[in-house]
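I opened this notebook to keep track of what I looked up. The entries follow the order in which I went through the model.

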Amino acid sequence: MGHLLALGAMAALGLSPLAGMAQDAGGKPIRFVVPFGPGSGTDTSARYFARKLQERTGQAVVVENKPGANGFLAVKQVLAAPADGHTVFIGSNSTLAVNVALFKELPYDPLKDFAPLTMMMRSPAMLAVKPQAPYGDLKALIAHARAHPGEVNFGAGSAGYQLMGELFNDSAKVATVHVPFKGAGEAMTALASGTVDYGFAEVTAVQELARGGRVKVLAVASDQRVSTSPDVPTASEAGLAGFEAYTWVGAMVNARTPAAETARLAELFTAISRMDETRQFYERLGATPMTGGPAQMHEFQKDEIALWKRIVQQAKVPLQ
């Protein structure tokens, strides 16, 4: 009863109950653990939400990048931390859905070990090639790959991008070789240096390199062109009908986190995701905000797992 009266008094004074609750949590900062390095859409989202959460609550929020091992290192760090709401996993389609489809055994269960807070954003993948590539468009790349089976390779910064590459192989009827990297930023850097022939990455990881002439984008894997790169055709327009692939980002906490703390964080994250400023932030990046809360994210995640399992079977991708 006293807690309710305190919240009422705060509201009467024009203070945010959520901000007060955050301050009550003590001086311990909230950690956002990101399974990829700087330059990825996941990292960009984490830093934006960290800033907005700190502004709303007055509580320190720090972002920690823990790339490598298909996201397993970051997952292990989050699940080993105290389940008190001070450690948030900023995951992606790779760590929260694709890994289930691609690995025979996972050291975690993304549906049971985590409690969802909110979805954050969705971004179409772009297919980029090295600047000195002998092919100027998607049809030429496909023709080159068909003429040289097993000789063309693609860089992938996560399991999600690997499956996009395998889906591309299946759709285009080509046989190219997967080269793994620790994140989209690293994969695109390797592409720019000519280490790999082509690669997939979300818009946020590709556009600046493309504008600087360090990579060449052949297509965006979505049903419509991206407003920030209007000259880049969709895959269908470029000659590969129906090819679409998206990355997405969402926030999770350890499933053992107290329900009240999970609900508090979910309310904060969802409120941030629905801000006009958030929509504008993502639109400037060529991405789209996703505003579903915990229940919607849970259902979305289950649907994504089922989708990628179908793709693995369809493309006959060997399980790892």
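The model is predicted, so local features need pLDDT of at least 70 and side-chain atom pairs pLDDT 80 or more, while totals for chains, interfaces and linings use all residues. Residues are numbered from 1 along each chain as its sequence is written, and side-chain values use heavy atoms, without hydrogens and water.

The axes of α5 (residues 93-102) and α7 cross at roughly 55 degrees and come within 8 Å. Axes here are lines fitted to C-alpha atoms, for helices over the stretch in contact, with angles from 0 to 180 degrees between N-to-C directions. Helices are DSSP runs (H or I, at least four residues), as are strands (E, at least two), numbered from the N terminus.

I noted who meets whom, contact being heavy atoms within 4.5 Å. From α5 there are Asn 93, Ser 94, Val 98, Asn 99 and Leu 102; from α7 there are Ala 159, Gly 160, Tyr 161, Gln 162, Leu 163 and Met 164. By class, this contact has six nonpolar, five polar and no charged residues.

**Helix α7 against helix α13**

I then took α7 (residues 159-172) with α13 (residues 294-314): their axes come within 10 Å and cross at roughly 45 degrees. That angle makes α7 oblique to α13. On the α7 side I listed Leu 163, Met 164, Leu 167 and Asp 170, and on the α13 side Trp 308, Ile 311, Val 312 and Gln 314.

**Val 253**

I found Val 253 in strand β9 (residues 246-254). Its relative accessibility is 0%, so Val 253 counts as buried (under 20% relative accessible area; exposed is over 50%, partly exposed in between, with a 1.4 Å probe and protein chains only). Val 253 lies 137 residues from Pro 116 in sequence, yet their C-alpha atoms are 6.6 Å apart. Leaving out residues up to four places away in sequence, I saw that Val 253 touches residues including Asp 113, Phe 114, Thr 262 and Leu 265.

**Helix α11**

I checked the buried residues of α11 and found among them Thr 262, Leu 265 and Phe 269. Leu 268 also lies in α11, and Leu 268 is buried with a relative accessible area of 2%. Between Leu 268 and Thr 118 I noted 150 residues in sequence and 9.3 Å from C-alpha to C-alpha.

Terms used:
Angles under 35 degrees count as roughly parallel, over 145 as roughly antiparallel, 65 to 115 as roughly perpendicular and the rest as oblique. Ala, Val, Leu, Ile, Met, Phe, Trp, Tyr, Cys and Pro count as nonpolar, Asp, Glu, Lys and Arg as charged, and the others, Gly among them, as polar.
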